[in-house]
Amino acid sequence: MKNVFKRAAKGAHLPHNKNTQNISTVDLPVPEKILLPMQQHIGAPAVPVVKKGDQVYVGSLIGRAEGYVSAPIHSGVSGTVTDIRELQVSSGARIPAVEITADGKQTVDPSIEPPKVNDYESFTTAIRNSGLVGLGGAGFPTAVKLTMKDLSIIDTLIINGAECEPYITADNREFVENPQDVINGILEVKKWLGIKNVIIGIERNKPEAIDTMFALSKGDPSITVKPLSSVYPQGAEKILIENCTGREVPRGGLPSDVGCIVMNVSSVAFVARYLRTGMPLVSRRLTVDGSAVVEPRNVNVIVGTPIQNLLDFCGGLKGEVGEIITGGPMMGVSVMDTSFPILKQNNAVLAFSRAESALPPVGECIHCGRCIETCPMGLSPVIIAKAYNGHNLAELNNLMVDLCMECGSCSYVCPAKRPVTETMRLAKAMLRKGAKK
Amino acid sequence: MLVKASPHIRDNSSTQKIMLDVIIALCPAIIASGIIFGLRALLVIAVTVIACVAFEYLYCFLMKKPIPVGDFSAVVTGILLAFNLPSTLPLWMAVIGAFVSIVIVKQLFGGLGHNFANPAIVGRIVLAVSFTGRMTSYAFPQFEGGVDALAGATPLVATKTADLPLLQLFLGAHGGVLGETCAAALLLGGIWLVARKVISPVIPLTYLATVAVISLLAGQEPLVQLLSGGLMLGAIFMATDYVTSPYTLTGKLVFGLGLGVITCAIRFWANSAEGVSYAILLMNLFVPYINNLTRQKPLGGVKKK
């Protein structure tokens, strides 16, 4: 039970728009060319191990992980490397990207075989080689998450099936289409990390997923299926941990500080498939939806496919298009160019009409306090904005602005349509810069 | 194509819709004032509303500020100011009240969202101090004695008497400023605001509960205290003004409690019969401190072990 005197943390009540929830996933045809940026994860970019003219196959290593927090990148097509060039990604950074022209044969790399796993070390090595990153959107390298000095502090594995962003149903389809992979993946992680309890958190707006998981986990008392209220951002790591276990991840801490590991459902299902086949992460499911999309659906896409191919496959766009984003409407990123490739961590491509994506005019703050009531982290955006405007670093630190995860709830509920989340971002940056001095 | 920072969607709320909801919530009381005090009451409301909107427009025009078109906040201030005036007040005095509310309290401090106190309350207080006689010439209900515009005491002044039957108090058929008497209409508006999630019921409920408890302890009749004077109007419409009330649940509880204590102190032990407007003004001034002391605790604010 939440203590309402401590914080309201009501979260935002968004329209779910889960239009594609009950539509089976279809495969996107192999594209002519794919483009693989060497950074599709949080951490250091990978380093290309191929050169122009090289012959590659499905599953061939294209980029080697560089440094501890990084992930390798593999080809999803067989064909020839035709270009290695710099690509500007959404963060603004310029990252090397490898272009591969497909031969259409989809020949599998002969070196692909199921990894040999017999202990914790070999398990995390296998995960590292698979190129797996958090498929829920953040793209944190999974092997880094699973590697820790003291395994004994972890008692709970939380499977994140909340999928709280509107429109996106990719994780829901994973539960419904590959439930056995989900369970097998959970059992593998549980076995090699020696974790006692597993909680599968699913929002109540996914009844089919909840039923499927209940049925499959019935015989195993260590696995609990936990239906969660459909309030945004239910799937945010710290919120999910609080709602599943009642534990509070401390400021500056990690889930492991409260004995938890959180994994996205699609990621954990991929673990099962990888251990079975040895095929690294070269394709993924994502939702294509939004008011400007003719035929919304879930599509299996080879990583590196241009966004335009995906939109064409879904019947193209209709009306005047205002904005295309990868990820959900709350935390997703605007696409500047539809020739940009699909990345590992993209769980949706959404296209909105001009009218829907127009920016509303900004008014004066009327101090209604809705941002404060809504903030899932219990922060006080309107007070933070004041401290930010006054360059008050000590106050920003007191207000713990660094805890903000930029979920967008404050901007969403603001009746004056102020860019509250953007102010929070700027305030975080101000505190970070000030703290370094 | 647009490229913007997340979030890419917004809810359909707006300042304008919030103000419209407040105006809708004020409608029952406007109608009640027309029935109880006659057309003259409606005239006062019309004059203050027009004066408030005109002053806001004029000020922004002269100061070359963007004209706040259609946020309706000046209309709300106008109605609330009129609600705090007797229906017999000379219209030029009402216009002075509107000037104080809009120009001095609101615009000189930065306009919408920057006022330190509720504009209508200060407008009323300035008029009450400047024109005490006229401001307390309460009209009696028109249909009752057949005599309009007769100076007389409100139930509070007339003693604290409280000979009036409770039902009459509840329906508002007694003397007073034009918007405060009909508790039934004000409650109806309050229910609308809570149902539309425009206001949280915490401040009005704490305020009313505090007054009821202190009245009991002080040997007064709690229901009479709740239904008379400007309490209902103040609790539902004036104390819940966003800008001048605290953000958090704890803050709202403290605010409501403070309002109740000050109101009762003035009503029972001070020279003045009515304490609602001074209580709200005083508590308005405490809001920044209350906000600082009652901040919510972030998730993860605990110390790392």
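1. pLDDT is the predictor's confidence in each residue, from 0 to 100. Chain B has a mean pLDDT of 89, with 90% of its residues at 70 or more. Residues 144-153 of chain B fall below 50, and this stretch has 18 contacts in the model beyond near neighbours in sequence; a contact requires C-beta atoms, placed from the backbone, within 7 Å. Residues 158-162 of chain B are also below 50, with 5 such contacts. Where pLDDT is low, the predicted coordinates should not be read in detail.

2. This is a predicted model, in which local features need pLDDT of at least 70 and side-chain atom pairs count only at pLDDT 80 or more, while totals for chains, interfaces and linings use all residues. Residues are numbered from 1 along each chain as its sequence is written, and chains are lettered from A and ligands numbered from 1 in the order in which they are written. For the complex, the predictor gives an ipTM of 0.90 and a pTM of 0.92.

3. A nonpolar core is a set of buried Ala, Val, Leu, Ile, Met, Phe, Trp, Tyr and Cys residues joined through C-beta atoms within 7 Å; buried means 20 or more other C-beta atoms within 10 Å, exposed 12 or fewer, and partly exposed in between, with C-beta atoms placed from the backbone. The largest core holds 140 residues, of which A:Ile384 and A:Val401 touch the most other members. Helix α7 (residues 265-277) of chain A supplies the largest share, 8 residues. Helices (H or I, at least four residues) and strands (E, at least two) are DSSP runs, numbered from the N terminus. A separate second core of 79 residues includes B:Phe37 and B:Val211.

4. In chain A, strand β14 (residues 297-302) runs parallel to β1 (residues 26-27), joined by 2 bridges; strands pair if DSSP finds at least two bridges between them. Strand β13 (residues 283-289) of chain A is antiparallel to β14(A), with 6 bridges. Within β14(A), A:Val299 stands opposite A:Val26, and A:Asn300 opposite A:Arg285.

5. Which residue lies in the loop between α12 (231-238) and α13 (249-269) of chain B? The residue is B:Ala239, which counts as buried because 27 C-beta neighbours lie inside 10 Å. Among the residues that B:Ala239 touches, beyond those up to four places away in sequence, are B:Tyr207, B:Leu259 and B:Ile280. B:Leu281 is 42 residues from B:Ala239 in sequence, and their C-alpha atoms are 9.1 Å apart.

Notes:
Two residues are in contact if their C-beta atoms, placed from the backbone, lie within 7 Å.
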